[in-house]
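This report describes a protein chain for a reader who is new to structural analysis. Please keep the sequence and the model in view while reading.

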Amino acid sequence: LYITLTRVNRKTELFRLIEKALVEKDSKIHKPLQLAPDPDPKLISATETRALIAKKKLDIAQNVVNLSHRCRAHANKGEVNAIVEELYDEAYERAEALSALKSSASKDML
């Protein structure tokens, strides 16, 4: 009986934690999710992404926006359960900083 109660308590606690996490997730506002994704973003590999960014054919910040929308869409459909914490804002801030850095470096080379 004790083992059964312990399992029930663990399950109850787990469900409570899941509910809390879902409420937090739904209440958080992410800047990249407030911005519009490309109407028809291409699915490209990490290697292709790197090459396009190096050739200045892919905007880093816009790529974060596109990927953030894609992650959220698949997570909400229940297709993906591997996203533990959504760090879209942090990724977007770093992408903007990298874009500014690359832009500054390009100007310095002229």
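Arg70 is partly exposed, with a relative accessibility of 41%. In this report a residue is buried under 20% relative accessible area, exposed over 50%, and partly exposed in between, using a 1.4 Å probe and protein chains only. Arg70 belongs to helix α4. In sequence Arg70 and Pro41 are 29 residues apart, while their C-alpha atoms are 9.5 Å apart in space.

The model is predicted: local features need pLDDT of at least 70, side-chain atom pairs count only at pLDDT 80 or more, and totals for chains, interfaces and linings use all residues. Residues are numbered from 1 along each chain as its sequence is written, and side-chain values use heavy atoms, with hydrogens and water left out.

## Overall fold

The protein contains five helices and zero strands. Along the sequence, the pattern is therefore written α-α-α-α-α, where helices (H or I, at least four residues) and strands (E, at least two) are DSSP runs numbered from the N terminus. Of the 110 residues in the protein, 17% are buried.

## Salt bridges

How many salt bridges does a search of the whole structure find? The search finds two. A salt bridge is defined here as a side-chain nitrogen of Lys or Arg within 4 Å of a carboxyl oxygen of Asp or Glu. One joins Glu13 to Arg16, with the closest N and O atoms 2.7 Å apart. Because Glu13 and Arg16 are three residues apart in helix α1, about one helical turn separates them. Both residues are partly exposed: Glu13 has a relative accessibility of 36%, and Arg16 has a relative accessible area of 45%.

Another salt bridge joins Glu86 to Arg72, with the closest N and O atoms 2.8 Å apart. This pair links distant parts of the chain, 14 residues apart, with Glu86 in the loop between α4 and α5 (88–109) and Arg72 in helix α4. Glu86 is buried, at a relative accessible area of 11%. Arg72 also counts as buried, at 17% relative accessibility.

## A nonpolar surface patch

Which residues form a nonpolar patch on the surface? The patch consists of Leu14, Phe15, Ile18 and Leu22, which together have about 370 Å² of accessible area. Patches are made of residues with over 30% relative accessible area and no salt bridge; like charges are joined within 9 Å, and nonpolar side chains (Val, Leu, Ile, Met, Phe, Trp, Tyr) within 5 Å. Accessible areas come from the Shrake-Rupley method with a 1.4 Å probe, and for residues only the protein chains shown count as cover.

Leu14 lies in helix α1 (residues 2–27). Its relative accessible area is 46%, so Leu14 is partly exposed.

## The second largest pocket

The second largest pocket has a volume of about 350 Å³. Its lining has 16 residues, and Pro41, Lys42, Ile44, Asn63 and Asn66 lie nearest its centre. Two or more lining residues come from each of α3 (46–54) and α4 (60–76). The largest share, five residues, is given by α4. By class, the lining has seven nonpolar, four polar and five charged residues.

On a 1 Å grid over the protein atoms alone, a pocket is an open set of points with protein on both sides within 12 Å along at least five of seven lines, and lining residues have an atom within 4 Å of a point. Grid points are joined across faces, edges and corners, and a volume is the space filled by probe spheres set on the points. Ala, Val, Leu, Ile, Met, Phe, Trp, Tyr, Cys and Pro count as nonpolar, Asp, Glu, Lys and Arg as charged, and the others, Gly among them, as polar.

## Two loop residues

Lys56 is located in the loop between α3 and α4. Its phi is near 60°, a positive value in a residue other than glycine. With 54% relative accessibility, Lys56 counts as exposed.

Ile29 is located in the loop between α1 and α2 (31–34). Ile29 is exposed, at a relative accessible area of 62%. Ile29 and Asp89 are 60 residues apart in sequence, and 9.0 Å apart in space from C-alpha to C-alpha.

Note on methods:
1 Å grid on protein atoms, 1.4 Å probe; cavity = no way out; pocket = protein on both sides within 12 Å on 5 of 7 lines; lining within 4 Å.
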